[in-house]
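Colleague: Before we look at the model together, could you show me how to read aromatic pairs and nonpolar cores in it?

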Amino acid sequence: MQHRSIFPSSLALALLAASLNGCATTGYAASSESTPATARTTPNGKTWTTAEGMSLYTFDKDSPGKSNCYDKCAQLWPPYLATEEAISDHFATIQRKDGSFQWALDDAPLYTWIKDVHPGDTNGHGVKNVWYMARADHVPTRAYSFGDALLLTDQKLMTLYTFDKDSQNQSNCNAACAAKWPPFMAASDAEDSPPYSVITRKDGNKQWTQDGQPLYYWIKDENPGDANGDGVKNLWHVVDLK
């Protein structure tokens, strides 16, 4: 299956830029506030948003403290700008090539996404497998865009699964089962962030769930985006975030 490009053609991009000429976009509204972003609950957990509630994203092709998104990229992913004097306890600023300043979280420059329309939209999450919502929680999940699906993954983009024989908030996959389907483990101090929560397994270890369904890996998946476990015995399923 081939990956589908969701970036518009050069003509469509030109028309988009023209339609935005003279209009303010959330990402380009420079902020000097000490708290430039707010945590907002979304269907995929908490994300940082602008003052207007528009989701913020990070770009895997950026370098620490440096933006590599310019020109057409910056038209689609407007940088979340700051004033030169901006100071924040939790966020830093970086300087862009044009001399403007951009907010960053843990040295990751922040952006909005042109296709987010309403506050809380996270349509940019997983785009091209390099753009991800700037999480405001510590849930270690991401997503992998594959065809028409958006697969729930760990932070290394390894696919996660659910098991039909599990009960709500209870894993029934142990011993030999867990050897083939390793649980998606959580730290002992991990905190819930709906729809993600933590359960305690029979052995006392912690495991992440989504909507109360325990999450697992499949031992035969080797590469990011592999989904070889989907449909095994008609009991194991990928989690499609779309």
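Colleague: How many aromatic pairs does the count come to?

Modeller: In general, a pair of aromatic rings is described by the distance of the centres and the angle of the planes. Here rings of Phe, Tyr and Trp (its six-membered ring) pair if their centres lie within 6.5 Å, with planes under 30 degrees apart counted as stacked, over 60 as edge-to-face and the rest as tilted; by this rule the count comes to 12 aromatic pairs. One of them joins Trp181 and Trp236, which are stacked at 3.8 Å centre to centre with 0 degrees between the planes. This pair links distant parts of the chain, 55 residues apart, since Trp181 is in the loop between α3 (176-180) and β12 (185-186) and Trp236 is in strand β16 (residues 236-238); helices (H or I, at least four residues) and strands (E, at least two) are DSSP runs, numbered from the N terminus.

Modeller: Two cautions apply to every value. This is a predicted model, in which local features need pLDDT of at least 70 and side-chain atom pairs count only at pLDDT 80 or more, while totals for chains, interfaces and linings use all residues. Residues are numbered from 1 along each chain as its sequence is written, and side-chain values use heavy atoms, with hydrogens and water left out.

Colleague: Are Trp181 and Trp236 buried or exposed?

Modeller: Buried means under 20% relative accessible area, exposed over 50%, and partly exposed in between (1.4 Å probe, protein chains only). Trp181 is buried at 4%, and Trp236 is buried at 3%.

Colleague: Which geometry do Phe184 and Tyr217 form?

Modeller: Phe184 and Tyr217 form an edge-to-face pair, 5.8 Å centre to centre with 85 degrees between the planes. Phe184 lies in the loop between α3 and β12 and Tyr217 in the loop between β15 (213-214) and β16, so the pair ties together parts that are 33 residues apart in sequence. Phe184 is buried, with a relative accessible area of 4%, whereas Tyr217 is partly exposed, at 23%.

Colleague: How many residues has the largest nonpolar core?

Modeller: In soluble globular proteins, nonpolar side chains tend to be buried together. A nonpolar core is a set of buried Ala, Val, Leu, Ile, Met, Phe, Trp, Tyr and Cys residues joined through side-chain atoms within 4.5 Å. The largest one has 14 residues, and those with the most contacts inside it include Leu151, Trp181 and Trp236. The elements giving two or more residues to this core are β10 (149-154), β11 (161-163) and β16. A second, separate core of 13 residues includes Phe59, Cys69, Cys73 and Trp77.
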